[in-house]
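Work through the exercises below with the sequence and the model side by side. Try each task before reading its solution.

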Amino acid sequence: MIGQMRDVVGAATAGQTYYRNCMDNTVKYMNSYRIPRFVQNRVRKWYEFTWESQGMLDETELLVQLPDKMRLDIAIDVNYSIVSKVALFQGCDRQMIYDMLKRLKSVVYLPGDYVCKKGEIGREMYIIKAGEVQVVGGPDGKTVFVTLRAGSVFGEISLLSVGGGNRRTANVVAHGFANLFILDKKDLNDILTHYPDSQKLLRKKAKSVQWF
């Protein structure tokens, strides 16, 4: 028991050291290139919030060494309840969703961060894991069209359209701290190759969704 406790404490200490080294090295880099102070403060805030909320900086690094089946088991336990409730994926093959869970990347956005901007080529889709984002635009670029909350999806049209690279039609900004799942186009296409029925269903649903 004592040995196990020592291992747990050692792992926690090593993780804290890794986090601190990453932040310190990033700060040194920003100072060497004279990055503006307000940018440095946001970077620091990102490190601090990500560490406090997740206990790690990149969960994919933690899981990459695990066997594929074990990674899937963890992904199902942690994220399936969120993704399975997304309306876009209702009716899709369950195994397709399992495959998608292994490709999702969790990213934290600070209040006011742009998730995507109008005019950009859309190469990712987003699922809100926690927090909120706002779709904004208008003449001043600040008019809030809609607020999206946990379980919402946006950017899916750019991945599911046959024609490819659609441009974003509005800005999407984090409203408070937001934790998003990101799935890129290549990963989704690789998955849907094996699930043609789910691919047809998703493209049909995507046509009825407003695109950002």
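**Exercise 1.** Classify valine 78 as buried, partly exposed or exposed.

*Solution.* This is a predicted model. Start with the relative accessibility of valine 78, which is 46%. Next, recall the cut-offs: buried means under 20%, exposed means over 50%, and partly exposed is in between. Therefore valine 78 counts as partly exposed. Now place the residue: valine 78 lies in helix α4, which covers residues 68-83.

**Exercise 2.** Find where aspartate 113 lies and which residues it is in contact with, leaving aside neighbours within four places in sequence.

*Solution.* First, locate the residue. Aspartate 113 lies in the loop between β1 (105-109) and β2 (114-116). Then list the contacts beyond four places in sequence: Arg42, Val172, Val173 and Ala174.

**Exercise 3.** Work out which strands stand at the edges of the open four-stranded sheet.

*Solution.* Write down the strand order: β1-β8-β3-β6, with antiparallel pairing. β1 and β6 (153-154) each have a single partner strand, so they stand at the edges, and one side of each is left without a neighbour in the sheet. Now follow β1 to strand β8 (residues 178-184). These two pair in the antiparallel sense over five bridges.

Notes
Residues are numbered from 1 along each chain as its sequence is written. This is a predicted model: local features need pLDDT of at least 70, side-chain atom pairs count only at pLDDT 80 or more; totals for chains, interfaces and linings use all residues. Side-chain values use heavy atoms; hydrogens and water are left out. Buried means under 20% relative accessible area, exposed over 50%, partly exposed in between (1.4 Å probe, protein chains only). Contact means heavy atoms within 4.5 Å. Two strands pair if DSSP finds at least two bridges between them.
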